[in-house]
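This briefing covers a chain contact, a sheet and the salt bridges of one model. Please look over the sequence and structure before reading on.

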Amino acid sequence: MAPKKLRRARLSQELCERLSRYQITTCQDFLCLSLLDLMKVTGQSYRNVQKLLCKVSLACAPKMQTAYEMKVRRAVNPSSAFLSTSLHGLDKVLHGGVPCGSLTEITSPPGCGKTQFCIMMSVLATLPVSMGGLDGAVIYIDTESAFSAERLVEIAGNRFPAYFDSDEKLFSMTRSIYLYRELTCGSVLKRIKSLEEEIISKKVKLIIIDSVASVVRKEFDTKLQGNLTERSNFLARGASLLKYLAEEFSIPFNCKSEDLL
Amino acid sequence: NKGNSFLFQRKPLACLPLAPALRARLVAAGFQTAQELLDTGPCGLSKEIGISKEEALEALQVVRQECHSDATQTAGAPGTSRKCTALELLEQEQAQGFIITFCSALDNILGGGVQLTKITEICGEPGVGKTQLCMQLAVDVQIPECFGGLAGEAVFIDTEGSFMVDRVVDVATACVQHCQLIAEAHQEEDHLKALETFSLESILSHIYYFRCRDYIELLAQVYLLPDFLSEHSKVRLVVIDGIAFPFRHDFEDLSLRTRLLNGLAQQLIIVANDHKAAVILTNQMTTRIGQSQSTLVPALGESWGHAATVRLIFHWDNNQRLATLYKSPSQKESTIPYHITVSISFKMEIQRWEQSVSCEELFRDL
């Protein structure tokens, strides 16, 4: 997601060289300038600059799709639209389950069962598609050291005794759950940034962050001035990264948080 | 046309859209008006300033273009002129259609619905229903004229990823059913004919969706909007769902942010006017920390408040959703309640669903 260099926007070589003398090398730099500034740095007339703006914009703008095309694409693969939670009532209210391709937040006062729910979703994601799972790996980012592998095996064995009938099956399930312990906001953000390649290489189908609130609370005391904006910055940056990953790879995200503010 | 060319003769160089370096050279060489340039001709110009003949010719063509567009403006040619009398404007406004929201209370406080050629901003906390209204409007703008709609198309620019196709399908299906009921009741020829082309598939095909992941993609998309709307001339609604989201993080330089937002607002006003479209922006709320208490205010600062013509604020009062018309040039400030329903005919409320499934039931199985 690094800013695109101007030569990839099909601008002429000499124009790129001229612009780089003004420290304008990326499309981001170009689009942030006003028209008058652009006329000055490119040395071109108003109309030409407008044409250049369109050219650079074309290189950066997203592709158009109609709502109909989006619907058709979802219809082609209906089972991949949701991950069922295996709780009938909850699935009904959610219209199918946890939606793939977007962020889902689970919040409650402490002790209600959020971590238990996340552990169970991890088991479900590793199940084959025929059983309502996603047949994939899980990335579990744990900030509270609340994850218990024994509990994971216990849930799997009790919930699906027919499927996990051998130790071999249990171990293959636990092998597909990748646990990362991150204790600071910075390391959580860094971990999220590195996820793109892991998702592809490990065939990840579910990402859980347990929990967002604990790292944020530890580091940002909202009574101190200025912390509120930094905290919002961190949360917003994390959220946009996660949304990008969720949509790009069509995976559901579970983010836990207690009552924040 | 002696009068026009006299005015044009006197037009100083600073008003011409030439490249700055070229203009500097012309001024240094002693040129003062546009007419002087035209009289000199390309060869003379190139010798005097020391530029190539091609560059000189290009400059003269720019100057001539300006002269031509000036002349048509003073002659009052329609389309190029942006001035008219208030009476002409009144006639235009009265003939103008609105995009209805299917919530009669909301349509009432807006004066009929969402207005074309204006920017309407919807502010509110997460979950209050801003995206729902946007999706509803993207369907409603397409209602055929015989049913009281605009028969238009919609552009949906999404920065937060909140657009849910399945929900749009629900809304569109309900809208088609609503029109079918009207057609059955009235049994008119044009109603039945319109229903032939007003289907779920056609509604979805005329919502043009762009997913902008950061502010650069948003800026680029807005620069390209005029061309897109010229190619798709039936578009009557442009939605930007989440104008605040891309600008709220990674912006240390607040003055750059203000400048970019102002630029966006200006471009959107031009788009709204040139293409007779309604522009809807959704905005988040932020906490303003005051002396003794903190209040929720629309995000992006005070100067952004000037961008939209009409401002709606969606908020909660206990379990009831309320919409307040906060800013409008023609309607008075008022607040109305609204609901988000599954469909008009069934009238089931999503809130009732949420309450009926209790927590114990959910966790019994765990």
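Predicted model: local features only at pLDDT ≥ 70, side-chain atom pairs only at ≥ 80, totals over all residues.

How many salt bridges does the rule find across the interface of chain B and chain A? The count there is zero.

**Interface of chain B and chain A**

- Chain A contributes 50 residues to the contact, and chain B contributes 47.
- About 4300 Å² is buried between chain B and chain A, with 67% of it on carbon and sulfur atoms.
- Nine residue pairs are in polar contact between chain B and chain A, both residues being at pLDDT 80 or more.
- Several elements of chain B each supply at least two residues to the side that touches chain A, including helix H4 (53-74), helix H8 (165-186), strand E5 (207-211) and helix H12 (254-274).
- Helix H11 (215-231) of chain B is also one of these elements, and H11(B) gives the most to that side, with ten residues.
- By residue class, the side of chain B that touches chain A divides into 30 nonpolar, twelve charged and five polar residues.

**Sheet spanning the chains**

- An open sheet of nine strands has the order E1(A)-E5(B)-E4(B)-E6(B)-E7(B)-E3(B)-E10(B)-E11(B)-E12(B), with mixed pairing.
- E1 of chain A and strand E12 (334-338) of chain B stand at the edges; each has a single partner strand, so one side of each is left without a neighbour in the sheet.
- Strand E1 (residues 65-66) of chain A and E5(B) run antiparallel and are joined by two bridges.
- Within that pairing, A:Gln65 stands opposite B:Tyr209 in E5(B).
- Strand E6 (residues 235-241) and strand E7 (residues 278-283), both of chain B, pair in the parallel sense over five bridges.
- B:Asp241 has B:Thr282 in E7(B) as its bridge partner.

**Helix against the sheet**

- H11(B) lies across strand E4 (153-158), E5 and E6 of chain B.
- Relative to E4(B), H11(B) runs at about 170 degrees.

**Salt bridges**

- Over all chains, the rule counts seven salt bridges.
- One salt bridge is between the side chains of A:Asp142 and A:Arg181, at 4.0 Å from N to O.
- This pair links distant parts of the chain, 39 residues apart: A:Asp142 is in strand E5 (residues 137-142) of chain A, and A:Arg181 is in strand E6 (residues 177-181) of chain A.

Notes. Residues numbered from 1 in each chain as written. Chains lettered and ligands numbered in written order. Heavy atoms only, no water. Contact = heavy atoms within 4.5 Å. Buried area = accessible area lost by both parts, 1.4 Å probe. Polar contact = N/O pair within 3.5 Å; in protein donor to acceptor, adjacent residues only side chain to side chain. Helix = DSSP H or I, 4+ residues; strand = E, 2+ residues; numbered from the N terminus. Nonpolar A, V, L, I, M, F, W, Y, C, P; charged D, E, K, R; others polar. Pairing = 2+ DSSP bridges. Axes fitted to C-alpha atoms, helices over the stretch in contact; angles between N-to-C directions.
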